[in-house]
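This briefing concerns a single protein chain. Please read it alongside the sequence and the 3D structure shown below.

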Amino acid sequence: QSKMKRFFLMLTMLLMFGAVNAQIGDVQQKGSHLYCYDGQREIGRIYLSSSDVFLGFSSAIVVIKKGNHICSCDAKGRELGRFYLNSTDQFRSVIGSNINIKKGRTIVTYDVNGREISRRNE
């Protein structure tokens, strides 16, 4: 019985401190909201202002263009990071917790916090 109590205590602590996060399985835009799903269950909503643009998602993050910035958010809409986007830069993809941007003939990869982690020529 002691092992069972420890198991439930550990499980409760993990859930309380967010160590067990639901993965994003789908994101649907309906009006001014993004609805994030884990399978059939809604796990969060993100409000979009009229100038925000939903760019894409992975199992870990949702990517939104807000003015001249790219923002990464979790399924609940909490901003995880952001970085500046020039008018000629183009969103390319989101993979895991990384975002790829095309800058001229260079592909730049940013992490979830908005820090550049690599670049390569196209």
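In strand 3, Arg41 is the residue that stands opposite Asp38. The structure is a predicted model, in which local features need pLDDT of at least 70 and side-chain atom pairs count only at pLDDT 80 or more, while totals for chains, interfaces and linings use all residues. Residues are numbered from 1 along each chain as its sequence is written, and side-chain values use heavy atoms, with hydrogens and water left out.

- Strand 2 (residues 33–38) and strand 3 are antiparallel and pair over six bridges; two strands count as paired if DSSP finds at least two bridges between them.
- Helices and strands are DSSP runs numbered from the N terminus, a helix being H or I over at least four residues and a strand being E over at least two.
- Three strands make up an open sheet with antiparallel pairing, in the order 1-2-3.
- Strand 1 (26–30) and strand 3 (41–47) are the edge strands, each pairing on one side only.
- From one strand to the next, the twist averages 25°; axes are lines fitted to C-alpha atoms, for helices over the stretch in contact, and angles run from 0 to 180 degrees between N-to-C directions.

**The chain as a whole**

- The chain contains one helix and eleven strands, and along the sequence their pattern is α-β-β-β-β-β-β-β-β-β-β-β.
- Of the 122 residues in the chain, 33% are buried; buried means under 20% relative accessible area, exposed means over 50%, and partly exposed lies in between (1.4 Å probe, protein chains only).
- Among contacts between residues at least 6 apart in sequence, 28% join residues at least 24 apart; a contact means heavy atoms within 4.5 Å.

- Strand 6 (residues 69–73) is mostly covered, since four of its five residues are buried.
- Strand 5 (residues 62–66) runs antiparallel to strand 6, and five bridges join the two.
- Within this pairing, Ile70 in strand 6 stands opposite Lys65.
- The hairpin of strand 5 and strand 6 has two residues between the strands, and Gly67 in its turn has a positive phi of about 65°.
- Strand 6 is also joined to strand 7 by five bridges, and these two strands run antiparallel.
- Here the residue opposite Cys71 is Arg82 in strand 7.
- The hairpin of strand 6 and strand 7 has five residues between the strands, and Gly77 in the turn has a positive phi of about 95°.

**Strands 8 and 9**

- Strand 8 and strand 9 run antiparallel and are joined by five bridges.
- Asn100 in strand 9 is the bridge partner of Ser93.
- Two residues lie between the strands of this hairpin, where Gly96 takes a positive phi near 60°.

**Salt bridges**

- The structure holds ten salt bridges; a salt bridge is a side-chain nitrogen of Lys or Arg within 4 Å of a carboxyl oxygen of Asp or Glu.
- One of them joins the side chains of Glu42 and Arg45, at 2.8 Å from N to O. Glu42 is partly exposed, with a relative accessible area of 34%, and Arg45 is partly exposed at 47%.
- Another joins Asp89 and Lys103, whose closest N and O atoms are 2.7 Å apart. Asp89 lies in the loop between strand 7 (79–84) and strand 8 (90–95), and Lys103 lies in strand 9 (residues 98–103), so this pair ties together parts that are 14 residues apart in sequence.
- Asp89 is buried, at 9% relative accessibility, whereas Lys103 is partly exposed, at 21%.
- Lys102 and Glu122 also meet through their side chains in a salt bridge (3.3 Å, N to O). Because Lys102 lies in strand 9 and Glu122 in the segment after strand 11 (116–121), the pair ties together parts that are 20 residues apart in sequence.
- Lys102 is partly exposed, with a relative accessible area of 22%, and Glu122 is partly exposed, with 47%.
- A network of salt bridges links Arg92, Lys102 and Glu122.
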